[in-house]
Amino acid sequence: MDHKPPSRGRLDRRPRDFHGSLREALADSFLRETLDRFADQYKANRAAVFEGLPERELIARVSAMKDGALGRIEELYGDFAAKARAKGLIVHRAKTAAEAASLISDIATRAGAKNVIKSKSMTAEEIGLNEALAAAGCDVAETDLGEWIIQLRHEAPSHMVLPAIHLSRHQVAEEFQRVTKAPQDGDIGRLVKVARRELRPRFAQADMAVTGANFAVADSGTLGLCTNEGNARLALTLPRVRVSLLGLDKLVPTAADALSILRVLPRNATAQPITTYVSWLAGATPGQTAHAVFLDNGRTGLLADAKCREALRCVRCGACANVCPVYRFVGGHRMGYVYIGAIGLILTYFFHGKGRAEDLIGNCVGCEACKDVCAAGIDLTGIISEIRARISDANGAPATSTLLSLVMPNRRLFHGLLKLARLAQKPVTKGAYVRHLPAILSGDHGFKALPAMADRPFRDAWPEIEAQDLGPKAGPRVALMSGCAQDFVYPAHLEAAVRLIRAKGGRALFPMDQGCCGLPLTMMGERKAALRAARANLLAFSRAAGDYVTGLCPSCLNQMKNRYPALFADDPVLGPLAQGLARRLMDFSSLLAGPLGYGPGDLSDSGLRVAYHSPCHLGRGLGVTGPPRRLVALAGRYLPTPGEDVCCGFGGTYSLRFPEISKALMDKKLDGLAASGADLLVTDCPGCVLQLGGGEEVRDKKIPVRHLSEFLALNLKTP
Amino acid sequence: MDREAVETFKERAAGVETRVLEVPDLRAALDAALAIAAAAPPVALLPTVPGGSPPAPGPKALAAPGLAPDDLAYLSGRALAAGVEVVSQGLRSRLAGLEAAFTVATLGLAETGTCVLEGETEDARLASMLCETHVVGLRKRDIVRGAAEGLAFLERALARENNVVSFISGASRTSDIERVLTLGVHGPLSLVALLIED
Ligand code: SF4
Ligand code: SF4
């Protein structure tokens, strides 16, 4: 067996050496292949199951409904309790995890229940219920197949919907062999039958059942529960005592509201139109004592937290893990504590505390894939940034980050330092790449060549470039946001952009007092510094004329368009300026394809087969997918490749903090590219060019990587 | 009757591995359920105490809780001739399993190929979970397009005291081992929907 069990057990969920554990996960070939296949199939299956349905509208309905429900959660709880009690259900409320766990073990003790069966409940994981019941002398059996498997292995779930996804059939067979004391092979059908046979007596003997719930419908006192295996249906029927444990966030006003969730949840979770069983229990059932335990454990606190409260909209579909490129590489045991994926990073902070969230929160590369797919339309990436900032505020940031945070918002100082850095790198550069990495960056960081700083930054060259073309113009005036990377590393990209704007009669402008957009600081959790940088930049662009504001770095543009307005929402002066800037802002490819009017006939055919990588902040952040591909096709043969929109792993400072994951993401991309037969890779973000171009540089067969602006400018008919 | 809804139901139910058959009336549905039980391979009986062995096999059995007395009498007469035991109550004593069960749905949701069972007694719920083949009778006129159309029904049903409503779409399934879809984990291995004409 080439597969080691993960280092995280139930009682020690967090690995001690976080980076060591990441490396271990990356070396686990079974896990990697499984999650890879899962990610690809999930994407295709999800698209198919939403076909013909107004996906965005369904999600918007869930998010509006949940916001409404959360706004009057106490009222809903009161309604539910009154209705359900009238129908014989015993309703409890627990303030903390410990309180809920002891409440439920007391129910067991008072009922003299020894044999307890459970159906899958993340909330039970959250409160450590199995341990509490065991301490009260109960014999607890999980009945969901995946949960049972990991219970036998003393592990925690690695996915909210597919708890044992990290295990192979052989590992399951090995475990079942131990339980049945009979040989088992890896035939999945037979293994499922083993569970059927072993668990039936547990159902038959059970004194008490504990289940979760997906909905608590307030106006009828109904609990709603979705399962595929039917274990909950049996569990809710057989024992004389049943307990449903659920978070307060599961309350919805009406059955119609529950159905609105039901239309999205199974589709998003497992690409099923509906789960096999949906049980609705209005009150108690004859012959049984029925309890419902509502858990707070930080939920009402989160509700009062205006910046993060929408995390409570979560319906636990698990999709934010399914699409997360980091989850895909490291698995759920490193991408969450109890809850997993993007929402796991968030809820760990609110439910289990800062200490547990610290390592995890840095894991996110900021690609926005989770936000894009969320069943409840939660701004997951935004909340993750917010938490990162809070943790760093509380801890005092590490020295490197603090130094940068002082320097970056101060444009002069920062730019001065960047120029110094160019001098310092002199002895080690060779051509466009740094050949021998300084010691601090070698080792884990040697997986790509780092680009050399340009001899002359764009801003220094601008007076000359501007002077070349001062005549009157018929076309639009376009103010360029350079972004630090392009200004200092890739000025050629910007020069190409200027040529493209001018070729269509437009005028390029460059506000000289612009600086860092603030995103790198946000990613480091440097909230105040990020705000200072954003303010300086906002003022620079608001002062500049220009019909449009554009740039070649979608991360900067996304920050300016989608974050500035929220950042300055409460500021009477800067707020409207931020909104004005957001309105004028247009990504570069949309500008070329739209107002500048690039079309067939403007470019000559390069004759190349061109693959395209869609940058996270362009495709998802700004929602631009069509124009760059159409532009590529104007000057070459566009060759679609699988996973075009999966993150390249750069994520700014992320690639320095998590080189293991960054490299894994990059390799996956470049392997796919090598297999595609493309002559060239085009993308439109300097970070992606840096990551993927640098990666190609250390490979044997190098496929060139170019920014879209360069590729197009090279093929301009009228240079 | 909404013909389009019926057609959609057939298509979507097949999509979740539900076998769909059409019969003229309830009696014909009972005949069909009986035939399914008679033709089924003998049930793989399960132990009901930990470490124990399964009970000794008996005749093939069809659970049919909740039938009107004359329908039950009709079914029992037919079953006697076919050598099949009919179990109309006391399903708790059959936890080791049985070949088939027949229950009647109140509503069908076409959009998802779902059978909606309402007001289920303990016996009805157990029958549908302990059998290897669950046969559901569903009147064509009770098939509506989707959950939205079913909402009025659901609201009425849930307003009642101690009501259990179940949406069932296909057989019990799992993908928990290597994400391979496998039917029949804790409940039935297959689901048959008998669409009743009248
Ligand atoms: S932004 Fe990307 S990396 Fe971060 S949690 Fe979401 S999907 Fe994962
Ligand atoms: S945060 Fe969104 S995507 Fe993630 S589990 Fe919750 S609802 Fe699903």
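In which helix of chain A is the place of A:Val264?

A: This is a predicted model, in which local features need pLDDT of at least 70 and side-chain atom pairs count only at pLDDT 80 or more, while totals for chains, interfaces and linings use all residues; side-chain values use heavy atoms, with hydrogens and water left out. Residues are numbered from 1 along each chain as its sequence is written, and chains are lettered from A and ligands numbered from 1 in the order in which they are written.

A:Val264 has its place in helix H12 (residues 255-270) of chain A. Helices (H or I, at least four residues) and strands (E, at least two) are DSSP runs, numbered from the N terminus. With a relative accessibility of 1%, A:Val264 counts as buried; buried means under 20% relative accessible area, exposed over 50%, and partly exposed in between (1.4 Å probe, protein chains only). Contact means heavy atoms within 4.5 Å. When residues up to four places away in sequence are not counted, A:Val264 touches A:Phe50, A:Leu58, A:Ile59, A:Val62 and A:Ala375.

Beyond helix H12, A:Ala271 lies in the loop between H12 and E9 of chain A. A:Ala271 is not a glycine, yet has a positive phi of about 60°. Most residues other than glycine have a negative phi. A:Ala271 is buried, with a relative accessible area of 15%. Another positive phi, of about 55°, is found at A:Lys181, which is not a glycine either. A:Lys181 lies in the loop between helix H9 (169-180) and helix H10 (188-205) of chain A, and is exposed at a relative accessible area of 73%.

The aromatic residues come next. Rings of Phe, Tyr and Trp (its six-membered ring) pair if their centres lie within 6.5 Å; planes under 30 degrees apart count as stacked, over 60 as edge-to-face and the rest as tilted. Over all chains, the structure holds twelve aromatic pairs. One of them joins A:Phe215 and A:Trp280, which are stacked at 5.6 Å centre to centre with 10° between the planes. A:Phe215 lies in strand E5 (residues 215-217) of chain A and A:Trp280 in strand E9 (residues 277-282) of chain A, so the pair ties together parts that are 65 residues apart in sequence. A:Phe215 counts as buried at 0% relative accessibility, and A:Trp280 counts as buried at 0% as well.

A:Trp280 also belongs to the largest nonpolar core, which has 125 residues. A nonpolar core is a set of buried Ala, Val, Leu, Ile, Met, Phe, Trp, Tyr and Cys residues joined through side-chain atoms within 4.5 Å. In soluble globular proteins, nonpolar side chains tend to be buried together. Within this core, A:Phe80, A:Trp280, A:Phe294 and B:Phe167 touch the most other members. Leaving aside neighbours within four places in sequence, B:Phe167 is in contact with residues including A:Leu259, A:Leu262, A:Trp280 and B:Leu109. Another core, of 56 residues, lies apart from the largest one and has A:Phe510 and A:Phe588 among its residues.

A:Phe80 and A:Phe294 form one aromatic cluster with A:Tyr77. The charged end of A:Arg93 sits over the ring of A:Tyr77, 4.9 Å from its centre; a charge sits over a ring if NZ of Lys or CZ of Arg is within 6 Å of the ring centre and within 35 degrees of the ring normal.
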